Amino acid sequence: MSLEILATLATAIALLIGAIFTLVGAIGLLKFNDSMTRLHAPTKVGTVGVGSLLLASVFHSFANGSQSFHELLIMAFLFVTAPISANFIAKVNIHKQSCPEPPAPPQDDNWSTLNVPEADRIIFEDKLS
């Protein structure tokens, strides 16, 4: 197999993966009924789908002999900005109270700290020995 055939095969596989992920993200956007669950589909699945489509473009440009790195910059920008924008949209939904508020954390000394109860520490040490 020549390098051109391998690059064409990689382009086809990346296009197929990108199209499937993008389709799943679009169906999830239409299917979910809550704004917070609707947010999950396009940000997670769409990022991988668009990233795969851009990767297919990189493979295609290298197969044709022209080197293009613009797609890699677009992917980097997409992977950096998509989680941040999803976080801001989720915060807006929480502040507008359009979704149920998350439960309050427990009021003990172990939540979100490295303090481990003595009983759990003994169990962990027994498993190590």
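**View 1. Confidence across the elements of the predicted chain.** Among the elements of the protein chain, the lowest mean pLDDT, 75, belongs to helix H4 (residues 118-128), whereas H1 has the highest, 89. The model is predicted, and for the protein chain the mean pLDDT is 82, with 91% of the residues reaching 70 or more.

**View 2. Helix H1 and its buried residues.** Helix H1 comprises the 29 residues 3-31, which at 1.5 Å a residue should span 42 Å, and the distance of 41 Å between its end C-alpha atoms agrees with that expectation. The buried residues of H1 are Ala7, Thr11, Ala14, Gly18, Gly25 and Gly28, and what covers them includes helix H2 (35-63).

**View 3. The packing of H2 with H3.** Helix H2 packs with helix H3 (residues 70-95) at an angle of about 175°, and their axes lie 10 Å apart; because angles over 145 degrees count as roughly antiparallel, the two helices H2 and H3 are roughly antiparallel to each other. Residues making the contact include Ser35, Met36, Leu39, Leu54, Ser57 and Val58 of H2, together with Glu71, Leu72, Ile74, Phe79, Ala90 and Ile94 of H3. By class, the contact of H2 with H3 has 16 nonpolar, 6 polar and 1 charged residues.

**View 4. Glu71 in helix H3.** Glu71, which has its place in helix H3, has a relative accessible area of 12% and is therefore buried, the cut-off being under 20%. Leaving aside neighbours within four places in sequence, Glu71 is in contact with Leu54, Ser57 and Val58, and Leu54, Ser57 and Val58 are among the H2 residues that make the contact with H3.

Methods. Residues numbered from 1 in each chain as written. Predicted model: local features only at pLDDT ≥ 70, side-chain atom pairs only at ≥ 80, totals over all residues. Heavy atoms only, no water. Helix = DSSP H or I, 4+ residues; strand = E, 2+ residues; numbered from the N terminus. Expected span 1.5 Å × (residues − 1). Buried < 20%, exposed > 50% of the residue type's maximum accessible area, 1.4 Å probe, protein only. Contact = heavy atoms within 4.5 Å. Axes fitted to C-alpha atoms, helices over the stretch in contact; angles between N-to-C directions. Parallel < 35°, antiparallel > 145°, perpendicular 65-115°, else oblique. Nonpolar A, V, L, I, M, F, W, Y, C, P; charged D, E, K, R; others polar. pLDDT = per-residue confidence, 0-100.
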